Amino acid sequence: VPLPQPSEALPPPDPHGEWMFGMEFEFAGRGNRIVRFEEMPFQNYRDLLKVIVRHYGGDARRIRKVRFSKPTTNLERYPSGTRELFRAEWTDPKGRVWKVEPEYVASSGFDGYELVTPPLTDPREIERIGERIKASGLVREGLKSGVHLTIDGRRLVTPEGDARALANLIVLHENMEPLLRRMFRPVRGGGHANRFARSLSGDHPELVKEIAALPQDQRTRAK
């Protein structure tokens, strides 16, 4: 039976349906020693992704090795400014692409793994996946392990251009961010110098003030 073709494009948002979200989970290998990417064979990526494949009753032979590159500042070792890497990918019966790729979790180099989910709508689905991975014993929490949550925000602006939900969310987040940082104290926080998640008010304070000053009926796409 042919599988649906994998696609990175999101379907149009359903105004009455569930919100779509995606997650990224970072893991260290099961050993206690910090390893380098060169010491992590593709089989490691494949074994971790097989946990997902088996959960959905899929065929592990369909796991693909995909080569890709990432920019790097280590020009002495990578004069081209890019580093060649690989990841494992699998397309589930719904045409969704799951990935396991290298990540920083304990040092300044690629020494761990990141599970990247496709767009999902059911939180219970990812809960079951997490339980399977934990039970596999293949990975553990690293010093810098984290979880990234991406939510489809297209419904924050209506087709008519009403952007109140988006503007209100921006203002709320910028007001609450200092408190959130104090509460969670993420290892990779690093204040406003954090290149992974910079504060909008840190880089564009005037823009945040302008949005906050807009009356509710003027919080539109045009504004």
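Me: How much space lies in the second largest pocket?

Reply: A pocket is an open set of points on a 1 Å grid over the protein atoms alone, where a 1.4 Å probe fits, with protein on both sides within 12 Å along at least five of seven lines. Here the second largest pocket holds about 340 Å³, a volume being the space filled by probe spheres set on the points. The model is predicted, so local features need pLDDT of at least 70 and side-chain atom pairs pLDDT 80 or more, while totals for chains, interfaces and linings use all residues. Numbering starts from 1 along each chain as its sequence is written, and side-chain values use heavy atoms, without hydrogens and water.

Me: Which residues lie nearest its centre?

Reply: Of 23 lining residues (an atom within 4 Å of a point), Gly-29, Arg-30, Gly-31, Asn-44 and Tyr-113 lie nearest the centre. H1, a DSSP run (H or I, at least four residues), gives the most, with three residues.

Me: How do H1 and H2 pack?

Reply: Packed helices are described by the angle and the distance between their axes. The axes, lines fitted to C-alpha atoms over the stretch in contact, lie 10 Å apart at about 130 degrees, and H1 and H2 are therefore oblique (not under 35, over 145 or 65 to 115 degrees).

Technical notes. Helix = DSSP H or I, 4+ residues; strand = E, 2+ residues; numbered from the N terminus. Axes fitted to C-alpha atoms, helices over the stretch in contact; angles between N-to-C directions.
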